[in-house]
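Please look over the sequence and the model below before reading the points.

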Amino acid sequence: MASVSSLSLSTLSKCSDRKVVVSSTRSLVSNSESFRFLANFPSHSIGIRTSSSASKMVIRCVSSVTGVPTVSETKLNFLKAFRRPIPSIYNTVLQELIVQQHLTRYKRTYSYDPVFALGFVTVYDQLMEGYPSDEDRDAIFQAYIKALNEDPEQYRIDAQKLEDWARAQNSTSLVEFSSREGEVEAILKDISERAAGKGSFSYSRFFAVGLFRLLELANATEPKILEKLCAALNINKRSVDRDLDVYRNLLSKLVQAKELLKEYVAREKKKREERSESLKANEAITKCLGQQQFAGM
């Protein structure tokens, strides 16, 4: 998958009203702060009401727990499904992602949609680019989505469907989806209606990445096009700006970490080769001395 273009957006911790600046460069290195995934997901609440009478106190407990798994259970399901060790550079980010996605997945307003799927697939493929094993990379994806009680095949199929559609669009047709008929157009219309309050819709950072991926594939990454697409989908553009900035920072830190990992692996490989050569030299000397002693006898 092609690399997502670099963005210069709002700061990570503040939701300022700065314009999006999109460049065509593939460089994603940034000196900004480390990315964070922040979300609240209260599992229960307890209310205590005291009557005016000193002799009575009424305690009322209200629980919102309805069989929803905990974050720990979701993480455990992932570890059970994929038991092989994962290099720490990848595992740390995956653990952060699965926490964030769990919180999104089990909101009352959550409803799966293909743009969300495209966003996650884009993030996952960017994060796992260069993973030592292609087979493990796919197995980790399967384990991750299944741990969230969703279908990994559906994610891949829907993401591919939207990518193929976006490649055939331009800056005009992309934002005018509501005036046309088609499978993807119907998906976007449904999102627009739900986001407008006519159904269940839960915005997330993966959704923001999915939107930008559509723009990138349609070669329509101008800030004004993003603004028009957000308006057509009834999505808050300021939230999208903020979350794309988080995504950019995440990839920036990953690029830097991968470079450090590459240097570490190269150093360790060189050390092993040097130890191996030294061992071979010692064995050769020992063998030679043994042959000389045998000849003397």
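The numbered points below go from the whole chain to single residues.

1. Basis of the note. This is a predicted model, in which local features need pLDDT of at least 70 and side-chain atom pairs count only at pLDDT 80 or more, while totals for chains, interfaces and linings use all residues. Residues are numbered from 1 along each chain as its sequence is written, and side-chain values use heavy atoms, with hydrogens and water left out.

2. Overall layout. The chain has 10 helices and four strands. Helices are DSSP runs of H or I with at least four residues, strands are runs of E with at least two, and both are numbered from the N terminus. Along the sequence the order is β-β-β-β-α-α-α-α-α-α-α-α-α-α.

3. Burial and surface. Of the 297 residues in the chain, 41% are buried; buried means under 20% relative accessible area, exposed over 50%, and partly exposed in between, with a 1.4 Å probe and protein chains only. The chain exposes about 17100 Å², and carbon and sulfur atoms supply 52% of that area. Areas come from the Shrake-Rupley method with a 1.4 Å probe, and for residues only the protein chains shown count as cover.

4. Contacts and core. Contact means heavy atoms within 4.5 Å. Taking contacts between residues at least 6 apart in sequence, 69% join residues at least 24 apart. The largest nonpolar core holds 66 residues, and Ile140, Tyr144, Tyr155 and Val240 have the most contacts inside it. Such a core is a set of buried Ala, Val, Leu, Ile, Met, Phe, Trp, Tyr and Cys residues joined through side-chain atoms within 4.5 Å. Not counting residues up to four places away in sequence, Tyr144 touches Phe78, Leu94, Leu97, Ile98, Gln101 and Phe120.

5. Helix H3. H3 covers residues 114-127, and its end C-alpha atoms are 20 Å apart, which agrees with the 20 Å that its 14 residues should span at 1.5 Å a residue. The expected span is 1.5 Å times one less than the number of residues. Because 13 of its 14 residues are buried, H3 is largely enclosed by the rest of the structure. Asp113 caps the N-terminal end of H3, with a side-chain oxygen 3.0 Å from the backbone nitrogen of Val115.

6. Helix H8. The 13 residues of H8 (205-217) reach 19 Å from first C-alpha to last, close to the expected 18 Å. H8 has 13 of 13 residues buried, so it too is largely enclosed by the rest of the structure. Asn219 follows H8 and has a positive phi, near 55°.

7. Asp136. Asp136 lies in helix H4 (residues 134-147) and is buried, at 14% relative accessible area. Its side chain makes a polar contact with the side chain of Arg84 at 2.7 Å. A polar contact is a pair of N or O atoms within 3.5 Å; within protein, one must be able to donate a hydrogen and the other to accept it, and residues adjacent in sequence count only if both atoms are side-chain atoms. Leaving aside neighbours within four places in sequence, Asp136 is in contact with Phe82, Arg84 and Tyr131.

8. Tyr90. Where does Tyr90 sit? Tyr90 is in helix H2 (residues 88-105), buried at a relative accessible area of 6%. Lys258 is 168 residues from Tyr90 in sequence, yet their C-alpha atoms are 9.3 Å apart. Beyond four places in sequence, the contacts of Tyr90 include Leu127, Tyr131 and Lys258.

9. Loop residues. Most residues other than glycine have a negative phi. Asn149, in the loop between H4 and helix H5 (152-167), has a positive phi of about 60°. Asn234 also has a positive phi of about 60°; Asn234 lies between helix H9 (223-233) and helix H10 (237-296) and is partly exposed, with a relative accessible area of 38%. Gln169, in the loop between H5 and helix H6 (171-175), counts as buried at 13%. A polar atom of the Gln169 side chain lies 3.2 Å from the backbone oxygen of Trp165.

10. Annotated region. The unreviewed UniProt entry annotates residues 247-277 as "coiled-coil region". UniProt positions are given in the numbering used here, feature names are shortened, and annotations may be inferred rather than shown by experiment. In the model, this span is 100% helix and 0% strand, with its end C-alpha atoms 45 Å apart.
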